[in-house]
Amino acid sequence: MTSQIAPPAPTGTPSTGYRLRWAGLAVILAAEVMDLLDTTIVGVAAPAVRQDLGGSDAQIQWITASYTLAFAVLLITGGRLGDLLGLKRLFVLGAAGFTLASVLCAAAPGAGTLIAARTVQGLFAALLIPQGLGLIKAMFPPKELGAAFGLFGPILGLSSVLGPTLGGYLTGADWFGLGWRAVFLINLPVGLLAVFAAGRILPADRSTTDRATADRATAAGTGADTRTGRIDPVGVLLLGLAVLLLVYPLVQGRELGWPLWTFLSMAASVPTAWLFTVQQRGVLRRGGTPLIEPSLFGKRAFVSALATGLVFFAALSGLMLVFTLHLQLGLGWTPLHAGLSMIPLSIGVVVGAVLSGALLAPRYGRRVLHLGMVLAAAGALGLWATVDGADGLTSWQLAPALALAGLGLGLIMAPFFDIALAGVEESETGSASGVLNAQQQLGGSMGVALLGTAFFGWARTDGFGHAAGLTYGLVAALLAAAFVIAFLLPRQARPDGEGH
């Protein structure tokens with residue numbers, strides 16, 4: 001272990017776990033649902049936002065990308081803060097801040113203000129979400145971890161059913177004249193409930209004195225160094241700069257005509273990331289606490305999952321964005337019609353997640369991920385064949401390919417986190433959770449930037465239908481790349497915590 005600052009030890013023994021662990025899991029899932037609802041609802045509402053507030057194609061992308069980019073930049077820091085200050089404390093703070101930021105989004109008077117509020121929302125989500133995985137690892141005994149993580153797929157799948165449909169309904173219903181603003185206010189009751197329940201159900205954080213005593217005892221017994229538990233501000237800035245240098249020109253480049261600085265910026269992200277890794281090694285040599293635990297990158301399951309997930313979530317986010325834009329901007333469908341049309345995708349996700357988590361993943365492991373990627377890619381190609389060149393479309397024509405893609409996505413989601421966190425030590429949990437979620441959000445930002453840019457570029461010259469078809473082809477290509485990378489994953493997750 002490289003750090004002696006561990007997550008809080010909940011009441012209970014390692015064999016039995018925390019007494020209220022299943023209720024605690026429900027609170028964590030509620031926070032995850034709030035995050036996912038916000039993402040899927042906003043995607044459906046984006047055209048209505050532009051109609052009301054104005055703005056360019058790039059600003060539509062930034063309404064989504066600003067949230068995921070801020071999320072990705074601060075997630076690793078959020079995970080580390082959970083290690084240092086307490087998982088429960090950061091969870092409650094993140095939920096409260098996310099809820100308040102949602103109200104600010106609903107009150108935004110212009111596109112720029114909305115993008116700024118979405119950025120704040122993403123920053124608080126980065127404090128909230130990584131604590132969930134850490135709390136699950138702390139609350140549940142090893143034999144129950146698979147079951148706990150297996151619930152993520154069905155619950156999040158149901159949320160993906162509710163999100164687009166609810167977003168379309170709220171935007172179209174125009175309750176009290178709120179229009180699209182209601183999609184942000186829906187977070188208010190969920191967020192307040194999460195804050196209230198977390199304070200009463202989640203296990204208490206250990207006190208600073210208790211952590212210090214445990215750290216000294218561990219160091220005395222193992223000969224390990226006890227290192228300072230401080231956030232590394234230089235590391236935070238370097239990591240954030242590397243991500244921003246890559247994603248910002250991807251979103252803005254097409255609209256600006258791809259000036260030279262966009263390519264220089266993307267190229268500069270590589271040496272900046274390298275400088276970050278050098279700086280982190282220096283922090284470790286000096287006896288400090290690095291932003292990312294270097295030991296994580298010696299674990300094959302974790303590193304391979306990061307690479308696989310980066311590509312997979314880019315494909316997923318790009319698919320969701322382009323689908324809703326095509327239906328509303330290209331076909332002129334209402335937000336409700338577009339949201340209802342996504343139900344086959346979401347039902348497929350639920351079915352796939354249930355089958356994977358309950359039956360397939362425990363027995364077949366990595367092969368379930370590969371099967372899911374094949375089915376999802378086939379669904380994307382089916383969408384391409386359906387929309388390209390079609391004079392008119394109905395929701396029923398889109399349903400078979402959407403359901404197939406959703407089934408594949410669901411098969412992937414259930415075992416993914418279990419495999420990714422296999423072998424992660426308790427002292428690394430906060431950092432690992434932050435890195436894993438940052439990879440998910442960074443992949444989403446890159447998917448929105450890359451596929452959204454490609455879609456709008458093709459739409460200008462070839463029309464929305466042809467542009468959507470070509471973009472679905474890119475989604476299939478990304479899933480094929482993820483299929484190849486996934487061979488680096490272990491054949492099975494190891495819930496007993498052994499390394500790989």
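## Glycine 406 and helix α16

G406 is found in helix α16, which covers residues 395–420, and the model in which this position is described is a predicted one. The relative accessible area of G406 is 0%, so this glycine is buried. Another glycine, G348, stands 58 residues away from G406 along the chain, yet the C-alpha atoms of G406 and G348 are separated by 4.1 Å.

## Two positions in helix α15

Helix α15 takes in residues 366–387, and H370 has its place there. With a relative accessible area of 8%, H370 is buried. The side chain of H370 has a polar atom that lies 2.9 Å from the backbone oxygen of F483.

A376 is found in helix α15 as well, and because its relative accessibility is 3%, below the 20% under which a residue is called buried, A376 counts as buried.

In helix α1, made up of residues 21–53, lies L36, which at 23% relative accessibility counts as partly exposed. The C-alpha atom of L36 is separated by 6.9 Å from that of S159, although the two residues are 123 residues apart along the chain.

Y67 lies in helix α2, and at 0% relative accessibility this tyrosine counts as buried. Between Y67 and Q441 there are 374 residues of separation in sequence, whereas the distance in space, taken from C-alpha to C-alpha, is 9.0 Å.

## Helix α8 and its two sides

Helix α8 consists of 15 residues, numbered 187–201, and at 1.5 Å a residue these should span 21 Å; the C-alpha atoms at the ends of the helix are 20 Å apart, which agrees with that expectation.

The buried residues of α8 are N187, G191, A194, A197 and A198. Because these residues cover an arc of only 140° around the axis, they are placed on the same side of α8. On the face of α8 that is turned away from this buried side are the exposed residues P189, L192, L193 and R200.

## The largest pocket

The largest pocket in the model has a volume of about 740 Å³. Its lining is formed by 22 residues, and of these I76, L239, F276, I292 and F297 are the closest to the centre of the pocket.

Several helices take part in the lining: those that give two or more residues to it are α2 (57–85), α10 (233–256), α11 (260–285), α12 (300–330) and α17 (429–462). Among these elements, α11 gives the most to the lining of the largest pocket, with 6 residues.

Methods. Residues are numbered from 1 along each chain as its sequence is written. This is a predicted model: local features need pLDDT of at least 70, side-chain atom pairs count only at pLDDT 80 or more; totals for chains, interfaces and linings use all residues. Side-chain values use heavy atoms; hydrogens and water are left out. Helices (H or I, at least four residues) and strands (E, at least two) are DSSP runs, numbered from the N terminus. The expected span of a helix is 1.5 Å times one less than its number of residues. Buried means under 20% relative accessible area, exposed over 50%, partly exposed in between (1.4 Å probe, protein chains only). The arc is that of the directions from the helix axis to the C-beta atoms. On a 1 Å grid over the protein atoms alone, a cavity is a set of points where a 1.4 Å probe fits but cannot get out, and a pocket is an open set with protein on both sides within 12 Å along at least five of seven lines; lining residues have an atom within 4 Å of a point. Grid points are joined across faces, edges and corners, and a volume is the space filled by probe spheres set on the points. A polar contact is a pair of N or O atoms within 3.5 Å; within protein, one must be able to donate a hydrogen and the other to accept it, and residues adjacent in sequence count only if both atoms are side-chain atoms.
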